[in-house]
Amino acid sequence: METEGARTDRLGLLLDQFDQATEMARVRLTGLGDKEYLWEPVAGCWSIRRRGEAATPRAYGPGEWVLDKGAPDIPANEYAEVARQAAGGMTVAKIAEDWSVSAERVEQILAHTGAPEPDETPVTTIAWRLAHLHSCIAGRWEWTFGERRQEPKLLVDFTPSAALALERFWALVDRWRDSIAAVTDEQLDTVGFSQYPYGSDPDNPFIAVLAGDNLEFIHHMAEIAVLRDLWRARFTTSG
């Protein structure tokens, strides 16, 4: 069903949103160089680093370069999501497994009634944002359309080359988009159509998973765009 070129069916709306976000992201990432890709605007950034040089305890990747990942916790800006999970019927144990934290930590957050704690989410490099997205999409494709057996953290060989990272990333995005386009209405409504192990995918209808994936893509690309703006303006002064 189309109205003046715009699809109004459920899958069509999500595909159009993804296509528009992808088109804008491709434009915004044109000309990305290695120095900008790895630029750390402040001390303590998360990025990709050579194996053995990562400053985070759970950095991962199958090759020479690994993606920073910190100790398991739930940042303050995700407290509302934890509350939504609980309201939707997820048990404390399942939520704890979802976020890789203790059940006691989840209970603390659900009982939290004061002002939000400071958000301790680290500043990240463009390389981290892009690699994180790449890792998530690769994992979700494997556990939705693939064999559903490979460890998501071992699917992407991270690289310090911006050009190579983008080449690999856009190829994966195209594969993800092609696979989504073939999904049926029945599959959209199927709970657990995606079995991606790091999240609540197995407990949700696939249409909800797709909507969340679009938001994930959009928000990370927006942050990459801001980092590109800061890189361009890094040596300017006011006054």
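**Exercise 1.** Work out which residues Met221 touches, skipping those up to four places away in sequence.

*Solution.* Start at Met221 and look around its side: it touches Ala25, Leu29, Leu130, Leu133, Phe169 and Trp170. Keep in mind that this is a predicted model. Now zoom out. Met221 is one of the residues with the most contacts inside the largest nonpolar core, along with Tyr37, Leu130, Phe169, Trp170 and Phe217. That core has 43 residues. Who supplies them? At least two come from each of α1 (10–28), β4 (65–67), α6 (126–144), α7 (162–181) and α9 (206–232). Another core, of 10 residues, lies apart from it and includes Tyr79, Val82, Val101 and Val106.

**Exercise 2.** Find out how the axes of α7 and α9 cross, and what makes the contact.

*Solution.* First, the axes: those of α7 and α9 come within 13 Å and cross at roughly 155°. Next, the direction: angles over 145 count as roughly antiparallel, so that's what α7 and α9 are to each other. The crossing is left-handed. Then list the residues: α7 brings Phe169, Trp170, Val173, Trp176 and Ile180, while α9 brings Phe206, Leu210, Asp213, Phe217 and Met221. Finally, sort them by class: nine are nonpolar, none polar and one charged.

**Exercise 3.** Decide whether Glu36 is buried or exposed, and name its contacts.

*Solution.* Glu36 sits in helix α2, residues 34–38. Its relative accessibility is 6%, and buried means under 20%, so Glu36 counts as buried. As for contacts, setting aside neighbours within four places in sequence, Glu36 meets Ile126, Arg228 and Trp231.

Terms used: Residues are numbered from 1 along each chain as its sequence is written. This is a predicted model: local features need pLDDT of at least 70, side-chain atom pairs count only at pLDDT 80 or more; totals for chains, interfaces and linings use all residues. Side-chain values use heavy atoms; hydrogens and water are left out. A nonpolar core is a set of buried Ala, Val, Leu, Ile, Met, Phe, Trp, Tyr and Cys residues joined through side-chain atoms within 4.5 Å. Buried means under 20% relative accessible area, exposed over 50%, partly exposed in between (1.4 Å probe, protein chains only). Helices (H or I, at least four residues) and strands (E, at least two) are DSSP runs, numbered from the N terminus. Contact means heavy atoms within 4.5 Å. Axes are lines fitted to C-alpha atoms, for helices over the stretch in contact, and angles run from 0 to 180 degrees between N-to-C directions. Angles under 35 degrees count as roughly parallel, over 145 as roughly antiparallel, 65 to 115 as roughly perpendicular and the rest as oblique. A crossing is left-handed if the near helix is turned anticlockwise from the far one by less than a right angle, and right-handed if clockwise. Ala, Val, Leu, Ile, Met, Phe, Trp, Tyr, Cys and Pro count as nonpolar, Asp, Glu, Lys and Arg as charged, and the others, Gly among them, as polar.
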